[in-house]
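Reader: I am new to this structure. Please pick a single part and take me through it closely. Then show me what surrounds it in the chain.

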Amino acid sequence: IEGEGGDPEEPYLAHGWQPFSPLKWLGEWLLTQLPEEVPLTPGTPVRFKPPPGPTFSALNREAKAALAFSHLDRDGSGYLDHTELLAVAGKLRKEQDAQY
């Protein structure tokens, strides 16, 4: 940082911080998602574990409505307040309206 005697060409990092490499993080995360029985050989296609629980298409109508409501209810209060309704309304577009 200029003015503090540091080298202006060298980026400043706070004590204990390290540069973040998103590709390295993604690679390490993907390796932790592999089942143990999968050999780690280059070029071998891998199927990752599916997420736990049923898929959205397997849910019944009530479960789908409950899941949608839980995502809309940001603070978990059990009802939608005006800020949550405005956030939903702001994301709607006229071309998304249902045609009856």
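Predicted model: local features only at pLDDT ≥ 70, side-chain atom pairs only at ≥ 80, totals over all residues.

Author: Start with one term: a residue is partly exposed when its relative accessible area falls between the buried range, under 20%, and the exposed range, over 50%.

Take Trp-29 as the way in. A search for aromatic pairs across the whole structure returns 1. Its partners are Trp-25 and Trp-29, and the pair is stacked. Two values describe such a pair: the distance of the centres and the angle of the planes. Here the ring centres lie 6.3 Å apart, and the planes make an angle of 15 degrees. The stacked label follows because planes under 30 degrees apart count as stacked.

Now look at cover. Trp-25 has a relative accessible area of 47%.

Step back to the chain. Its secondary structure is 3 helices and 0 strands. The order from the N terminus is α-α-α. Of its 100 residues, 5% count as buried. The chain exposes about 9,600 Å², with 60% of that from carbon and sulfur atoms. Among contacts between residues at least 6 apart in sequence, 0% join residues at least 24 apart.

Phe-56 is in the loop between α1 and α2. Phe-56 is partly exposed, at 48% relative accessible area. Leaving out residues up to four places away in sequence, Phe-56 touches Lys-64 and Leu-67. Leu-67 is 11 residues from Phe-56 along the chain, and their C-alpha atoms are 9.2 Å apart.

Asp-73 lies in the loop between α2 and α3. Is Asp-73 buried or exposed? Asp-73 is buried, with a relative accessible area of 7%. With residues up to four places away left out, Asp-73 touches Gly-78, Tyr-79, Leu-80 and Glu-84. Asp-73 and Leu-85 are 12 residues apart in sequence, with 9.2 Å between their C-alpha atoms.

Last, confidence. The chain averages a pLDDT of 76, and 72% of the residues score at least 70. Helix α2, residues 61–72, has the highest mean, at 87. Helix α3, residues 82–91, has the lowest, at 79.

Terms used. Residues numbered from 1 in each chain as written. Heavy atoms only, no water. Helix = DSSP H or I, 4+ residues; strand = E, 2+ residues; numbered from the N terminus. Buried < 20%, exposed > 50% of the residue type's maximum accessible area, 1.4 Å probe, protein only. Contact = heavy atoms within 4.5 Å. Areas by Shrake-Rupley, 256 points an atom, 1.4 Å probe, with all protein chains shown as cover. pLDDT = per-residue confidence, 0-100. Phe/Tyr/Trp six-rings, centres within 6.5 Å; stacked < 30°, edge-to-face > 60°.
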